[in-house]
Amino acid sequence: MKTPIYMDYHATTPLDPRVLEAMLPYFTEKFGNAASRNHSFGWEAEQAVDTARRQIASLIGADAKEIIFTSGATESDNLAIKGVAEMYAERGNHIITVATEHKAVLDTCKHLAKRGCETTLLGVRPDGLIDLDELKKAITPKTILISVMWANNETGVLQPVREIGRIAKERGVLFHSDGTQAVGKVPVNVIEDNVDLLSISAHKMYGPKGIGALYVRRKNPRVQLTSQMDGGGHERGMRSGTLNVTGIVGLGAACEICRAEMAEESVRLRGLRDLLKERIEAELDGVHVNGSMEHRLPNNLNMSFGWVEGESLMMGIKEVAVSSGSACTSATLEPSFVLKAMGVPDELAHSSIRFGLGRFNTREEVEYVAARVVETVKKLRELSPLYEMAKEGVDLKSVNWARE
Amino acid sequence: MAYSEKVLDHYSNPRNVGSLDKKDPAVGTGMVGAPECGDVMKLQIKVNDETGVIEEAKFKTFGCGSAIAASSLATEWVKGKSIDEALKIRNVDIVNELSLPPIKIHCSVLAEDAIKAAIEDYKKKRNGKR
């Protein structure tokens with residue numbers, strides 16, 4: 001086993017060597033512009049792009065014509081939300097989204113709010129899921145779009161997408177989902193799941209960075225978008241710019257592998273994730289899983305370690321790459337807004353660690369990480385005045401803390 | 001974020017970890033910060049009543065690596081100093097010694113506050129005794 005160990009697969013993933021192999025010829029001998037209609041270099045590139053479109057569409061149950069290439073999920077989110085807001089401005093100006101969305105969605109909605117859109121931010125229950133009744137009540141005749149992420153990037157919590165889509169359809173509202181963490185990890189079918197727009201990122205599923213896609217439904221209903229990038233009219237006029245052929249080939253290959261291997265891979269990762277959780281819980285008291293275990297990506301574990309601060313824990317296991325919801329790891333000194341929205345107390349948000357398992361993690365690595373976490377938490381608790389007080393029976397909530 | 005060598009050293013080998021008997025009249029206890037802010041430091045000193053010199057210092061800290069290092073360093077620095085000398089320790093000294101980045105300056109402020117709170121507690125006890 002080699003260190004450092006990478007267990008931060010929600011942040012990004014390494015390129016699968018098979019993906020790299022598929023991409024390589026398109027950097028050199030097959031370098032054509034997919035928009036060049038009059039020579040073989042262009043045809044070759046166009047053909048590669050078409051193949052990738054089919055591979056992507058096939059993973060999500062879509063038609064190849066419904067795939068729009070972008071630079072990544074952030075751009076896809078922007079295009080979907082701003083594009084709908086502009087295109088459907090005459091129909092309404094109300095957008096519904098959720099407090100635990102990625103910033104690419106939240107900040108896009110904030111941007112639109114400054115320009116006359118009304119936005120409703122749904123809260124989440126302690127398990128991280130939205131309340132469908134609350135969603136139904138939030139819909140008004142002015143509502144044009146509901147945007148709810150498929151799987152949360154911090155907690156891995158899966159939203160009831162299919163039901164949300166059904167509600168949206170019944171009320172004649174478009175439904176966008178940020179599928180960054182979900183596509184390639186859990187089954188996604190835009191028809192069965194009633195999704196009208198779906199953001200996809202390549203680098204979260206063993207593809208390259210800098211390429212993503214937006215699924216835009218063409219039938220029942222036909223969704224139209226106002227482009228946010230104008231130019232040569234690529235991608236049915238929705239997103240201009242010369243296609244990133246190597247990236248697109250990589251995204252396609254990554255989707256193809258996920259489609260073939262997802263079922264098996266998710267079982268393996270769920271087993272490893274559960275092993276990590278069991279090992280930790282067997283050795284430590286005062287640990288809490290953040291978010292639903294039932295409605296969750298198979299490869300995610302988000303845990304708080306009571307009385308221990310997250311960044312100091314990461315420092316103690318520095319040969320393991322994970323991430324934390326602690327303020328000390330953010331530039332703002334605010335702990336994770338996702339955990340806060342779920343009602344996780346600040347002190348436990350500061351104590352949280354996100355483990356993201358992936359394709360190249362082994363059982364040996366998981367066992368090693370569990371042991372190192374247990375060891376480090378024990379050491380840091382010896383250093384923690386809060387642990388000492390808790391063991392003395394002091395109720396930490398009753399203490400009059402000197403707050404700044 | 002990369003940590004300085006000194007922060008890493010204090011984190012890996014924290015000096016003077018532990019607790020002193022807070023009921024001991026020669027012991028002053030300072031507890032600063034709050035759990036929901038992600039930092040709590042407890043710093044204790046044991047003062048020689050005759051000489052006014054801090055003979056022992058202990059700490060426990062809930063916080064990031066820089067907070068642990070700042071409080072560990074604070075115990076090292078106050079040990080052997082008189083109360084008046086210890087009160088002269090400034091957070092900027094800690095920032096410089098540990099090469100703390102701007103975002104971690106609050107850790108040094110907290111350590112300075114912990115020293116002051118411990119000394120204040122000791123003085124209060126001592127005056128109460130008289």
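Visitor: In which loop is the place of B:N16?

Guide: B:N16 has its place in the loop between α1 (5–12) and β1 of chain B, where helices (H or I, at least four residues) and strands (E, at least two) are DSSP runs, numbered from the N terminus. This is a predicted model, in which local features need pLDDT of at least 70 and side-chain atom pairs count only at pLDDT 80 or more, while totals for chains, interfaces and linings use all residues. Residues are numbered from 1 along each chain as its sequence is written, and chains are lettered from A and ligands numbered from 1 in the order in which they are written.

Visitor: Why is B:N16 called partly exposed?

Guide: A residue is buried if 20 or more other C-beta atoms (placed from the backbone) lie within 10 Å of its own, exposed if 12 or fewer, and partly exposed in between. B:N16 has 19 other C-beta atoms within 10 Å, and it is therefore partly exposed.

Visitor: What is the phi of B:N16?

Guide: B:N16 has a positive phi of about 55 degrees although it is not a glycine. Most residues other than glycine have a negative phi. In chain A, phi of A:N194 is near 55 degrees, again a positive value in a residue other than glycine, and A:N194 lies in the loop between β6 (174–178) and β7 (197–201) of chain A.

Visitor: How do you know that A:N194 is buried?

Guide: The definition of buried asks for 20 or more, and A:N194 is buried because it has 20 other C-beta atoms within 10 Å.

Visitor: What makes A:A151 buried?

Guide: A:A151 has 27 other C-beta atoms within 10 Å, so it is buried by that definition. A:A151 lies in the loop between β5 (143–147) and α6 (161–170) of chain A. Leaving aside residues up to four places away in sequence, A:A151 touches A:G156, A:V157, A:L158, A:Q181, A:A182, A:V186 and A:L297, two residues being in contact if their C-beta atoms lie within 7 Å. Across chain A, buried residues make up 52% of the 404 residues.

Visitor: Where are the cis peptide bonds from A:T3 and from A:N220?

Guide: The bond from A:T3 to A:P4 is cis, with omega near -5 degrees, and A:P4 lies in the segment before β1 (5–6) of chain A. The bond from A:N220 to A:P221 is cis too, with omega near 0 degrees, and A:P221 is found in the loop between β8 (212–216) and α7 (245–283) of chain A. Most peptide bonds are trans.

Visitor: How do you know that the radius of gyration of chain A agrees with a compact globule?

Guide: The globule rule is 2.2 Å times the number of residues to the power 0.38, and the radius is taken over C-alpha atoms. For 404 residues a compact globule would have a radius of gyration near 22 Å, and chain A has 22 Å, so the value agrees.

Visitor: Which domains does the assignment give for chain A?

Guide: The assignment, automatic or from a database, gives domain 1 (5–9 + 262–383) and domain 2 (17–258). Their centres, taken over C-alpha atoms, are separated by 28 Å. The contact between these domains takes 19 residues from domain 1 and 21 residues from domain 2 of chain A.

Visitor: Why are the strands of chain B called an open sheet with edge strands?

Guide: Two strands pair if DSSP finds at least two bridges between them, and eight bridges join β1(B) to β2 (residues 39–47) of chain B, which run antiparallel. Three strands form the open sheet in the order β1-β2-β3, with antiparallel pairing. The edge strands are β1 (27–34) and β3 (54–62) of chain B, each of which pairs on one side only. Within the sheet, B:V32 stands opposite B:M41 in β2(B).

Visitor: How many residues of chain B take part in the contact with chain A?

Guide: The contact takes 20 residues from chain B and 24 residues from chain A. On the chain B side, β1, β2, β3 and α2 each supply at least two residues.
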